[in-house]
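Welcome! Here is a short briefing to read alongside the model.

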Amino acid sequence: MRFAGHCKLGLLSRQVALAACVGALVSSCAGSAGTPNSSPPRVLLLYGDGRPDAELSFADSAYEALIRFDLQPEQGVPKRLWYRPAAAGTLQISVYENSALDGPGAVIEQHERVVASDVDWTAPSGRWLVQEFTSLEQVSKPTTIWVGLKKLAEMPAVWCSDKDASHYYMRSSDPQRYVALVPVRRSPLVQLELLPEE
């Protein structure tokens, strides 16, 4: 089922939203990017209410924003990450296994993405970027993965919702200002796209 111009969301426990499709999402960046179509069937897993209420900025390159995704067998295989930039710059996108301590563990895959400076990233633009995943087919479910966002250059930012969905965390690896994993009462506008297993 496809909806033009918006996501039709079904709210589940812990304020998790599952959507069957996304309409009118616009992506703009080098590499793999696009707008989801209606085939094959897919699931979009996101948190919060999807509204761009505030900008998530990065104090420095040691700061990392982390979103926890709890995956179930019926949801399929993670294939893409959709995210809404709020400002230009270079981001690092990392996917982590869940550790024995129930936090981000070993890196599964990592990507560097440039958010173009000549594109309108304001909230009314409704623009999203997409990152293709290549190494998540072997992730067994049920399981948990973590998606991390860090700045590498310039001053990138990501839109976030003020809705607390209990799945967003931050940490800093700066030895002078080290911060372990702590929850944050916001929800970055990040969607994990899952496709049926082949």
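What does the accessible surface of the protein come to, and what share belongs to carbon and sulfur atoms? The accessible surface is about 9500 Å², and 50% of it belongs to carbon and sulfur atoms; areas come from the Shrake-Rupley method with a 1.4 Å probe, and for residues only the protein chains shown count as cover. This is a predicted model, in which local features need pLDDT of at least 70 and side-chain atom pairs count only at pLDDT 80 or more, while totals for chains, interfaces and linings use all residues. Residues are numbered from 1 along each chain as its sequence is written, and side-chain values use heavy atoms, with hydrogens and water left out.

**Overall make-up**

- The protein has 0 helices and 14 strands; helices (H or I, at least four residues) and strands (E, at least two) are DSSP runs, numbered from the N terminus.
- Of the 198 residues, 49% count as buried, where buried means under 20% relative accessible area, exposed over 50%, and partly exposed in between (1.4 Å probe, protein chains only).
- Among contacts (heavy atoms within 4.5 Å) between residues at least 6 apart in sequence, 76% join residues at least 24 apart.

**Strand 5 and its partners**

- Strand 5 (residues 63-71) is largely enclosed by the rest of the structure, because 8 of its 9 residues are buried.
- Strand 5 pairs with strand 11 (residues 168-172) in the antiparallel sense over 5 bridges; two strands pair if DSSP finds at least two bridges between them.
- Strand 5 also runs antiparallel to strand 10 (residues 143-161), joined by 7 bridges.
- Leu66 has a bridge partner in each of these strands: Tyr169 in strand 11 and Gly148 in strand 10.

**Nonpolar cores**

- A nonpolar core is a set of buried Ala, Val, Leu, Ile, Met, Phe, Trp, Tyr and Cys residues joined through side-chain atoms within 4.5 Å.
- The largest nonpolar core holds 33 residues, of which Phe69, Leu81 and Leu192 touch the most other members.
- Strands that each supply at least two residues of this core include strand 3 (43-47), strand 6 (77-83) and strand 14 (190-195).
- A second, separate core of 9 residues includes Trp82, Ala87, Trp159 and Leu189.
- Leaving out residues up to four places away in sequence, Phe69 touches Leu45, Tyr47, Thr143, Thr144, Ile145, Val147, Val190 and Leu192.

**Salt bridges**

- The whole structure has 10 salt bridges, each a side-chain nitrogen of Lys or Arg within 4 Å of a carboxyl oxygen of Asp or Glu.
- In one of them, the closest N and O atoms of Arg186 and Asp162 are 3.6 Å apart.
- Arg186 sits in the loop between strand 12 (179-183) and strand 13 and Asp162 in the loop between strand 10 and strand 11, so this pair ties together parts that are 24 residues apart in sequence.
- Arg185 and Asp164 form another salt bridge, at 3.3 Å from N to O.
- Arg185 is exposed at 64% relative accessible area, whereas Asp164 is partly exposed at 22%.

- Ser187, in strand 13 (residues 187-188), counts as buried because its relative accessibility is 2%.
- The side chain of Ser187 reaches the backbone oxygen of Lys163 at 2.6 Å.
- Glu112, in strand 8 (residues 104-115), is exposed, with a relative accessible area of 58%.
- Glu112 and Leu91 are 21 residues apart in sequence, and their C-alpha atoms are 5.8 Å apart in space.

How values were computed. Polar contact = N/O pair within 3.5 Å; in protein donor to acceptor, adjacent residues only side chain to side chain.
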